Each structure stands twice: as structure tokens, then as C-alpha cells.
Amino acid sequence: MTPQQSILQTVFGYPSFRPPQDEIIQTVIDGGDALVLMPTGGGKSLCYQIPALVRPGCGVVISPLIALMQDQVSALRQLGVRASFLNSTLDAASAHQVETQLLDGSLDLLYIAPERLAQERCLELLDRARISLFAIDEAHCVSQWGHDFRADYLQLSLLHRRFPAIPRIALTATADARTRQEITDRLDLAGARKFTAGFDRPNIRYRIALKQNPRQQLLAFLRREHPGDAGIVYCMSRRKTEETAAWLHEQGLQAVPYHAGLDPATRAAHQARFLRDEGVIVVATIAFGMGIDKPDVRFVAHLDMPKTVESYYQETGRAGRDGQPADAWMIYGLQDVIKLRQMMATSAGSEEHKRAEQHRLNAMLGLCEITSCRRQALLNYFDEAMPQPCGNCDSCLEPVDTWDGTEAARMALSAVYRTGQRFGVNHLIEVLRGNGGDRIFQYDHQLLPTYGIGKQLDNNQWRSVFRQLVARAYLSVDLERFGALRLEEKCRALLRGDEQIRLRRDQPQAKTARLQTRSALAADIDVALWEALRDCRRLLAEEQGVPPYVIFHDRTLQEMCVDLPRTTAQFGRITGVGERKLEKYGARFLQVISDHAGPL
Ligand code: ADP
Ligand code: ZN
């Protein structure tokens, strides 16, 4: 057994590496540089933690997220790893103590904020210490397309010059080809080996449903599928986050709002609750997320559609970092499409920039309207091929019907044309269905040849037709008149009869709800034991002031429920139980299990 395998098992309690962890770790142990692209939850941390334990000296980890350092260090200490951090939250005396530990060789890992590392004083300290490696976490921060920490990250190129003999490993979850190139250039990593793990997050189930009654749909989803689970609900506006959180709270759920407009103390308190307590729901704008690496987020729900597939992927990627089943659930409807189309059209920026934005929005809308596997489409967007449908998205689990919408689409387009491209969807539907009304008579629309030709479809069906036509850019939204639809060039072929169009048949709400539900728990688990183990974990976490997942992950507790270990040796074989945790917690959890299952 190699030293790294032995550490994986005894310290971390995991049986084997996930490829390409083993190769990365070997590269760094051998003193080589590495650039690692791995999805969230892929297991990046082990790629530098284990080499730091194998190589002599202390591993220095540069991480921009000060708020996370404390938790990362607590988690390592739980495993018996000698870890500390240096950042602005430490007073002088504590910082001095850490420095002394570093110099006398009693640290395995040291987390340092980038702005601190760039200071000459810190560099001199590192000169005098024995360093095993530099790990640059969130390496995409060097990119000009990022990020708040860029200036500090750009300084990191000095590491190579100043410490040429020390291996460096740069890691990120978000890097397209352009960003990857920038990381390589700016961090001087041309000679590094590059490792890419696929983008796929197989444990996340993607679902996108029609928005009908948003609050009730959300509540039903939460109650039916995620009682007591932690998760994130994304909304577009600050006000909506507050209203939704308040409403969920009234319904008896533990929900708190989060957005950039809240005062810093409230924001920090809400984030802390989410991290430390179990089963808290954060209702947030996109301001929430960067630096949340809570492993047991069981769902990410979108009440509004993100503007790009990249954002959607990043936001949903916050679910299920622990590899356990998690849901990415979204509802979207005609109004979202119209609102986003309009926002894009009015956004500032060059024509080129606008075109790029439109293009990205089209891709996102395409993902919503697609009738084939969502995961295939997502991965395809990131240039990754997936030969078979995934079996774990709504399209796969409950295939969508399509219908020949050519005739209906022509009627709809013709209604837009005949009314002068000046009206919104509601009015157009009145015209198509031949409904009388003041506005109809005001404009003499009852005289149009399109008036009343679409009685065979009801309001919802027409809305669905219009939504899909706007989503697929047959229709655009007029800037001057809110919500007025205009014909696009693309319509011609359809109107001429040269093109057929198939439309998605939207599922009525009741049907969607029947999609078989599945909780994160294995089906045959003993819920009472599960709760008792969670209580035990919660107590231990409170005693030590750490989040519960730092004690054990859900997955580890679940394995206890299934395997029902009764001896220390059996307990030690559970995934996530290393030597140190066995020693510290084995007896307490074994007691819970034996209280529950009775004496042997
Ligand atoms: P990332 O930083 O890439 O988002 P983490 O390093 O936080 O991911 O790892 C995600 C989860 O996977 C953690 O709970 C970690 O303990 C677990 N993990 C990582 N590697 C392994 C492995 N080889 N076997 C089992 N679990 C692993
Ligand atoms: Zn699928």
C-alpha cells in the first residue's frame, strides 16, 4: 500500500481514491505542478491535503474565502491533522503563535488569505519555514472574468519565482478554456500537468417544471421531498427573497432571506445559521453561494430562471457536494421568458456584448424547453459528450410529450402580425379565442381574420405556444412597449409553410407532482435510528462549536443505519470514519446504535 492510500484510509476513513485523485496526488508528491479542474464535490481538497501529509514540511493553502478557513481547519483537526490559518481575523498574539508553529515544524497544513501571502513579511516567514507544497484554491480568481479577489491572486505568480523548488497545485471548479489559459499564463503553470474530471454531477437530479402557482409548487416540493433538509431557494429580486422567506416561515419552515442589501450582521447571522444548524432554507439572490461549501445541501430550487446555463450550473452545483442524492428544481414560465428577453434588450453594452448575452440566454431557454435528457444538454453545453440519456432528470424519468404545433404557431404569429406587433400575450390570446372585451372593440380587433380562429386551445395552451415561440426566438419582446411581441426574421419559413414545429406538451401541475419522489435516505432506513444518530451528532457539534457535518457527513450516518456496527472494529469500517474519529466518537455512536437495536 502506498503512503497516500494508507493516509486515505486511516486519516480520512475512505476506502479508495476517485480518479483522477490518485494521479494528481502522485504528481504533487513527486514534486510536480498540477492544474486541477474538477466539479464541485469532486474531491479537490484531498488532492493537496494528502500530498501535504506525505511530503515533509507544511502545505500552504491559498484560499480567498476567509469565512471558510475556520471550518476547513476545524474539519482537519477533527481528523487529527495539524492545521491552522493566517488571516485578518486573528489578533497579533494568535498569528504569532501560528507562525511559531510553522517554523518549528508542528503544522501539516496552513491556510493563508491571498492578500496576506503577498506581503513581504509573510514571504520572509515562508522563506524560513519548510514548505511541502503550495495549493492555490479557487484558481479562477486570477481571471479577468472573475472576481473580487483578482488583484491579490495576480500576485501569486511570484510563488514560482521565489520558491521554484516547491510544487504548486492550482484548483478550480469553474474554468472554460479561456479561463484555463489565463490561469496557466498568470500563475506560470505552463509546465504543470493538467487534470480534468468530468463536469457531470450524477447525484443531482435536474427538473424544470412549468410555473403555475409558484409558492404552492415550492411548498409542495419542500414538504413532499425535503422535509427537514437544508437547501437554497434562488429568486431574482431582493424583495422576493424576503417575502418568500417570510411566507415559508409562516408555513412552519425554517427559512431565512439572504441578499446583498441586508445589513452585514444579519447576512452573516443567516449564513451562519445555514452552516451550523440543520435543515435551514436560505431564500437568496445570486449574492449567496460563493464560498458556501456546505456538503449536505439537499436541494437548490429556482423560482426564477438564471440568465445563463453557466449560472444555472454553478448555482445548482451547490447541491449535493457530499455525493448523496440532491435535487436541482426549477419552475419557469412565460413571464420569465418575457422579462429576461426584455432585460437583455435594454442592457447596456456594445452590440457584440448584447449578442453574446442573447446567445447565452437562448441556450438557457433551450435547456428549459428541451424534451430530451437535460443532463446530456447541460454537458453538451460544456463540450462534454454523454452518449446515453442519464435516467436522473425529469425528461428521462417522465418523458415529455410533443405535438405538432405548426398550425397553432402560425395562428399565433398571424395574430401578432394582424394586430400590428403592438400587443402582449393576454390580448393576443383574447383575439385568437374570440373573446370580446373593451380593448378588443376599442381596436376593432373583432374584425380581424384571426379573430376567434383559435378556440380549440384554452388560455394555458396558448400561453404555452407563445412561451415556446418567444423562447425559441420566433418572437421578440418590444422594448418600447412592455410585453408587446414582435415577429422575428425566423418566422418567415414557418409562416410560408416551409417549416414544421413540434412543441412541448406542458404537464398539468398534478401530473408533475406525481413524479416518484425520493428522499436522500435509503428507502429501508430506520428513521428513528437516523434521528437518534443526528441528535448525537448535533450534541457533539454544539459541544465543540463546529457545524454538524464536520463531525460526520450524512452519508456516514446513513451507513451506520444500514450496517448497524456493534463493535469498534465494525465501526471503523464505515466510510468517513478514520482512526481519530473512531477514537473520539466511536463509543458515543455505538451506544446510540445499541440503545436502539438492543443488546447483542
Ligand atoms: P470539492 O472541493 O472538489 O468541491 P471536496 O474536496 O469538498 O470537494 O470533497 C467533496 C466530498 O467528497 C467531501 O465530502 C469529501 O470528503 C468527499 N470525498 C473526496 N474524496 C473522496 C474519496 N476518495 N472517497 C470518498 N469520499 C471522498
Ligand atoms: Zn436525463
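**Close-up views of a predicted model**

**View 1. Domain layout.** The C-alpha centres of domain 3 and domain 4 are 60 Å apart. The chain is assigned domain 1 (3–196), domain 2 (204–397), domain 3 (402–506) and domain 4 (527–597); the bounds come from an automatic or database domain assignment. This is a predicted model: local features need pLDDT of at least 70, side-chain atom pairs count only at pLDDT 80 or more, and totals for chains, interfaces and linings use all residues. Residues are numbered from 1 along each chain as its sequence is written, chains are lettered from A and ligands numbered from 1 in the order written, and side-chain values use heavy atoms, without hydrogens and water.

**View 2. The shell around ligand 1.** The shell holds 15 residues, each with a heavy atom within 4 Å of the ligand. Tyr-14, Gly-41, Ser-45, Arg-321 and His-553 are the closest. Helix H3 (residues 44–54) gives the largest share, three residues; helices are DSSP runs (H or I) of at least four residues, numbered from the N terminus.

View 3. Polar contacts here are N or O pairs within 3.5 Å. A side-chain N or O atom of Tyr-14 is 2.4 Å from a ligand 1 oxygen. Gly-41 uses a backbone N or O atom, at 2.6 Å from an oxygen of ligand 1. For His-553, a polar side-chain atom lies 3.2 Å from a ligand 1 oxygen.

**View 4. Cysteines.** The model has zero disulfides, defined as cysteine sulfur pairs within 2.5 Å. Cys-47 is buried at 0% relative accessible area, where buried means under 20% (1.4 Å probe, protein chains only). Cys-393 is also buried, at 0%.

Key:
Polar contact = N/O pair within 3.5 Å; in protein donor to acceptor, adjacent residues only side chain to side chain. Helix = DSSP H or I, 4+ residues; strand = E, 2+ residues; numbered from the N terminus. Buried < 20%, exposed > 50% of the residue type's maximum accessible area, 1.4 Å probe, protein only.
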